[in-house]
Amino acid sequence: MGIGYRDLAALLREAIQRGDHPEGSTLPKQDEIATEHGVNINTVRQAVRVLEAEGLVTPVRRRGTVVRPRVAMKRLGTDRYAKSKWKSGLVAFAADREATGRTWTPGDQTNEVRLTEADAETAEALGLAPGAPVYERARLVTEADVPTHTLTSYYRPEDVEGTSLVDPTPGPAGQGGGFGILTSRGLEPDTITETVRARMPTPEEAQLLQLPAGEPVMILHRTTVTHDGRPVEFARGVHAASRFTWSYTFKIPD
């Protein structure tokens, strides 16, 4: 009598934890697993779904079942926005990668840019009337071709027109990214307010981020202002919960 899908999932889990299948690699084809363990293909599919729900693997179209990183990427808190980083050309998502000892390339970030109308939340954050024109810059960030998060920023048109922030070319918006561009326009970021909450993803978010069943997302809202209190960016991020640890170091207020 063949083994059941839970037993097969346990065997595959142990193989992943032993390092037989390194992170970023693909498991053998499902028919090969079925032959090796003397089970039918449906048993293999059920076992893979168990591992997917545990966050160990992700089915990737045209690649197969990919083993996910076992160490979540550090998402630095205040330090990821240090002026010394973006003034030297290191953007925030790249700072996270380097802090975790991972490589990155400009092509890890895609960009879609459009002129749109500010919704109520964006308008309030930027000090505009609802429906006022804003530039929307939506990014999808990947690691080894697997999406990690999205980040969509909104800007006043007069702050960014004619700059690379409205250029849809993949990668950061030039040296130092968006903060570097704003600084060159006399709008140096000085203070950031972030709020973070968790929820289950929408079907569109689950598909875009290639999330396993049952995985939540972390929702980030970020408002950036200059030294004199002028808001220059409002951003919304959707992060796959299992792919990041969130770390903050700060001086305790009196």
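How many aromatic pairs does the structure hold? There are four aromatic pairs in this structure, where rings of Phe, Tyr and Trp (its six-membered ring) pair if their centres lie within 6.5 Å. This is a predicted model, in which local features need pLDDT of at least 70 and side-chain atom pairs count only at pLDDT 80 or more, while totals for chains, interfaces and linings use all residues. Residues are numbered from 1 along each chain as its sequence is written, and side-chain values use heavy atoms, with hydrogens and water left out.

**An aromatic pair**
- Trp 86 and Phe 179 have ring centres 5.7 Å apart and planes at 80 degrees, so they form an edge-to-face pair; planes under 30 degrees apart count as stacked, over 60 as edge-to-face and the rest as tilted.
- This pair links distant parts of the chain, with Trp 86 in helix H4 (residues 83-86) and Phe 179 in helix H8, 93 residues apart.
- Helices (H or I, at least four residues) and strands (E, at least two) are DSSP runs, numbered from the N terminus.

**The six-stranded sheet**
- Six strands make an open sheet in the order E4-E5-E6-E9-E8-E7, with antiparallel pairing; two strands pair if DSSP finds at least two bridges between them.
- At the edges are E4 and E7, each pairing on one side only.
- From one strand to the next, the twist averages 15 degrees.
- E8 and E9 run antiparallel and are joined by nine bridges, and Ile 219 stands opposite Val 238 in E9.
- Helix H5 packs on the sheet, where it touches E4, E5 and E6, and its direction makes about 20 degrees with that of E5. Contact means heavy atoms within 4.5 Å, and axes are lines fitted to C-alpha atoms (for helices over the stretch in contact), with angles from 0 to 180 degrees between N-to-C directions.
- Helix H8 also packs on the sheet, touching E6, E7, E8 and E9, and its direction makes about 150 degrees with that of E7.

**The hairpin**
- Strands E1 (residues 57-60) and E2 (residues 64-67) run antiparallel, joined by four bridges.
- Pro 59 stands opposite Thr 65 in E2.
- Three residues lie between E1 and E2 in this hairpin, and Arg 62 in the turn has a positive phi of about 70 degrees.

**The largest cavity**
- On a 1 Å grid over the protein atoms alone, a cavity is a set of points where a 1.4 Å probe fits but cannot get out, whereas a pocket is an open set with protein on both sides within 12 Å along at least five of seven lines; lining residues have an atom within 4 Å of a point.
- The largest cavity has a volume of about 330 Å³, a volume being the space filled by probe spheres set on the points, which are joined across faces, edges and corners.
- Its lining has 25 residues, and Val 91, Ala 92, Arg 139, Leu 151 and Arg 222 lie nearest its centre.

**The largest pocket**
- The largest pocket has a volume of about 370 Å³.
- It is lined by 20 residues, and those closest to its centre are Ala 138, Thr 150, Thr 152, Leu 208 and Val 238.
- E5 gives the largest share of this lining, four residues.
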